[in-house]
Amino acid sequence: MLQVFSMPCGFLEFDTTLFFPNREKGKKFIIPVPSYLITHPKGNVVFDTGVHCQAIEDPMARLGEISRMFVSHTKPGEEIVTQLSKFQLAPKDVKYVINSHFHFDHCGGNEFFPDSTIFVQKNEMHAARDRELRKKALFDPKDFDHKLHYQEVDGELDIFGDGSLVIIPTHGHTPGHQSLCVRVTKGTEVVLTGDACYTKANMDEDLLPSVAYDEAEMYRSLGKLRDLRDKQGATIIYGHDPDQWKEIPHAPNALA
Ligand SMILES: [Zn+2]
C-alpha cells in the first residue's frame with residue numbers, strides 16, 4: 001500500500017526576513033527540516049535526506065559560514081538514518097532517493113545512501129559541477145559529492161510508470177529544484193514542495209524568500225504549485241512551514 005510519512009529531521013532558527021523579506025528584521029522563526037518516506041509496492045522512496053548528522057554537534061565545523069545564519073535546534077537521533085530505523089529500515093532498503101535540491105538541509109544525508117538511485121534534476125547537477133554556479137546556488141560538495149548513483153532527470157519523471165509518484169520541475173529556488181506529486185489514491189494528491197515554497201504564507205502572498213537563484217523562474221514554480229492546490233485540489237505540504245508542521249501527522253503515523 002502506498003503511504004507517505006513525514007519524518008522530523010531537526011529544526012533550525014532563522015531571522016524571519018529570510019523567509020519573508022517584507023517583514024521586520026530581528027524576529028526569530030523556528031522551522032522544521034523534514035524528510036519523507038514513501039512506501040510503494042515496488043520499493044521505498046525517500047524525499048530529501050535532511051542535514052548531515054555532524055551538524056547537530058558542531059554546525060560550524062560541518063556547514064561553515066552558512067551556519068552563522070541560523071541556530072540549530074536539532075537533537076541527536078533527528079537525522080535520516082535514525083528516522084528510517086524506526087521503520088526497521090536501513091538506507092539499503094531505500095530504492096530511490098529524490099533530492100528536491102542540493103541545499104545542506106535537503107541532501108546532507110545523501111552519503112548514507114550508496115545503494116540507492118538518487119534523482120536530481122539535470123540543471124541542479126550541472127550547477128553542482130561548476131565552481132562558480134555552485135557558489136551562487138549555495139551548494140556545498142560535502143553534502144552531495146560522494147560515490148553515489150545519481151540519475152539526472154530533465155523535467156518530469158513518473159518514477160514507477162504508474163502515475164503514483166511524479167517528479168515535477170519547480171526550478172528557481174535553485175537552478176534545478178524539483179517537487180514531488182504523490183497520488184495516494186485516485187483523486188487524493190499530495191505535493192511535497194521542498195523549498196519551491198517554504199510556507200503557506202509564501203504561497204498565499206506570492207512572496208519569494210531571500211534565497212532565490214532565479215526569481216522569475218521561482219515565481220513561475222510557485223504559481224504552478226498554487227494551481228495544483230487551488231485548481232486541482234491537491235494537498236500541499238510546504239517545505240518548512242512551522243504552523244502546518246504542528247497540524248500534520250508525523251511518523252509512525254502516515255501523513256497520507
Ligand atoms: Zn533550499
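1. The second largest pocket holds about 160 Å³ of space. Here a pocket is an open set of points on a 1 Å grid over the protein atoms alone, with protein on both sides within 12 Å along at least five of seven lines; lining residues have an atom within 4 Å of a point. A volume is the space filled by probe spheres set on the points, which are joined across faces, edges and corners.

2. The model is predicted: local features need pLDDT of at least 70, side-chain atom pairs count only at pLDDT 80 or more, and totals for chains, interfaces and linings use all residues. Residues are numbered from 1 along each chain as its sequence is written, and side-chain values use heavy atoms, with hydrogens and water left out.

3. The lining of the second largest pocket includes Arg 134, Phe 144, His 146 and Tyr 150. Helix H6 (122-129), helix H8 (141-144) and strand S7 (149-153) each give two or more residues to that lining; helices (H or I, at least four residues) and strands (E, at least two) are DSSP runs numbered from the N terminus. H6 has the largest share, 3 residues.

4. The largest pocket has a volume of about 190 Å³. Among its lining residues are Leu 63, Phe 104, Arg 134 and Asp 143.

5. Cavities, sets of points where a 1.4 Å probe fits but cannot get out, number 4 at 30 Å³ or more. The largest has a volume of about 160 Å³, and Phe 14, His 103, Phe 104, Tyr 198 and Val 211 lie nearest its centre among 15 lining residues.
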